[in-house]
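Open the model in your viewer and keep the sequence at hand. The tour visits a strand pair, then the cavities.

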Amino acid sequence: MLRIGIGVIASVLLSAAAAHANEQCPVRGGELKIPFAIDPGDLTPGKKAQFPPSQIFDQIYDTLLTRDSTGLKPGLASSYTVAPDNLSITFTLRQGVMFHHGREFEAKDVVYTLERLLDPAFNSPWAAQLKSVDKVEAVDKHTVRIALKEPFAPILSILATAWYTAIVPYDFAPANNANEKASGTGPFMLVEYVPNDHVTLKANPNYWEKGFPCLDTVRYVIMPEQQAQISAFRQGTADLVALTDPKFIPILKNAPGSRLIEPAGAVNESGLGINTAEGPTKDVRVRRALSLATNRKAVIDTVLFGYGEVGTKISCGKAPYGWCEGKDPPLPYYQHDPQEARKLLAEAGYPKGLDLTMQVSLPLDVQTAEILAEQWKAAGINLKIEQNADFNKHLDNFINVRHQLSIVSLVWQPDPHVDVYPIYYSTSKINLGKFADPKLDALLDAGKTELDVTKRIKIYKDIQRLVADQAYMLYPYTKPVSWQYVKDYVKNYKTTATGSFSPIRYVYIQK
């Protein structure tokens, strides 16, 4: 039975937080400045598949549940009960929580949020994630019941992830552009978003987690170049910098007045999308040849300076479901064998090799593509690299498979179902290769309804083996989302596996 009781501990945790808020915020006020690599584009929760906007709007909005390194915790829901048949969940909502525009949070907001995500007119990429939801009902002002069409193992994790289910107000969200006027229940409030320049947030004085946040403001400065971010950090015009490229670690490793917050795990995959519907890569032998021609360890050593792992979409850091090199059986076509790759290409009708094109955008992906181009020459594959300076456009092309090959860095997900279902399922809006495999669909459907952990582990291991065998996507490496450095005067900051800046609500500045 899917049952996790948190109601009993909820009030204890919250009262403890309130009692110790002044101790945890010995200094109040100040501004935290963070260089932000990608312009968020749209701060509307649930509207786009891009991850970067959620790193900002998860300060503005809350979710029913939250998580830390130990598991799920109370959020806007103080407790919940799962029905014995696992077909409904009843949430008791926290009372006295205020939206930024001055109205109390209530059950109708939860109903509106989830129904909006499921509404075809809203066109959320996450609608497929919630298609197991049958009905969302406001039992009373402070009670919500979610009825399910089938047991749905990842539902609680999804409800604890702002990227998917940040709660928005039913009376405010429809009439307002979230880039200009936003109202959530989160620790910070939107002041302004100036595209390609900055996003400024200010503290919510009525935040329900009493005593927090400690800071007055948070300012995200749009700064695409990693070197410019590092310069701002070293010069003192930035207080935190997230390095996505480990080659810059030596620059800050011994920088005075700063420290590294250790990454929370290698859960960030380099995703090499392959158009399996048309062109040479429609042939599985060509795709398998690409996998065999790839020396993953050499990519890790060259591009990441060894700060990475061989992996799949469900990486080893996502225990117990992830595939771990050296612990799990080797995956098919993962060995480096360019001669075998040549044989497969010849069988596919390319005895003299073939020409392919790869789209990339961000620097680390460009470097990865360049290394792959060199490696693939040994198999007779000539790779042309096309770089798109506009990452949001590149990501849109990647999601909609407007390419032959393309690389995007994929992000942490709260459950193995969410890792693979949206990008592999045949009818998903974000199927990353246009592939349709009934066997894969059957495994994906089984994984979302199976509540036995041991059986779920086997399902997701089988999914990873099937994807590797068919080479539907390649994963040159996995790594931490980032290596975050903070100034010594930034206190109480912790990293998360997601790369989220959500712990900022507990941060204080002590110069």
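Two strands count as paired if DSSP finds at least two bridges between them. Strands (E, at least two residues) and helices (H or I, at least four) are DSSP runs, numbered from the N terminus. This is a predicted model: local features need pLDDT of at least 70, side-chain atom pairs count only at pLDDT 80 or more, and totals for chains, interfaces and linings use all residues. Residues are numbered from 1 along each chain as its sequence is written, and side-chain values use heavy atoms, with hydrogens and water left out.

**Stop one: the strand pair.** Select residues 65-68, strand β2, and residues 71-74, strand β3. They pair in the antiparallel sense over four bridges. Pick L65: its bridge partner in β3 is P74. A hairpin of two residues links β2 to β3.

**Stop two: the largest cavity.** A cavity is a set of points, on a 1 Å grid over the protein atoms alone, where a 1.4 Å probe fits but cannot get out; lining residues have an atom within 4 Å of a point. There are four cavities of 30 Å³ or more. The largest has a volume of about 90 Å³. Select Y334, Q464, V467, A468 and Y475, the closest to its centre among 13 lining residues. Now show α14 (416-424), α16 (453-470) and β17 (473-474); each supplies at least two lining residues. The largest share, three residues, is from α16.

**Stop three: the second largest cavity.** This one holds about 60 Å³ of space. Select its lining, including P263, A264, G265, P480 and V481.

Methods: 1 Å grid on protein atoms, 1.4 Å probe; cavity = no way out; pocket = protein on both sides within 12 Å on 5 of 7 lines; lining within 4 Å. Points joined across faces, edges and corners; volume = space filled by probe spheres on them.
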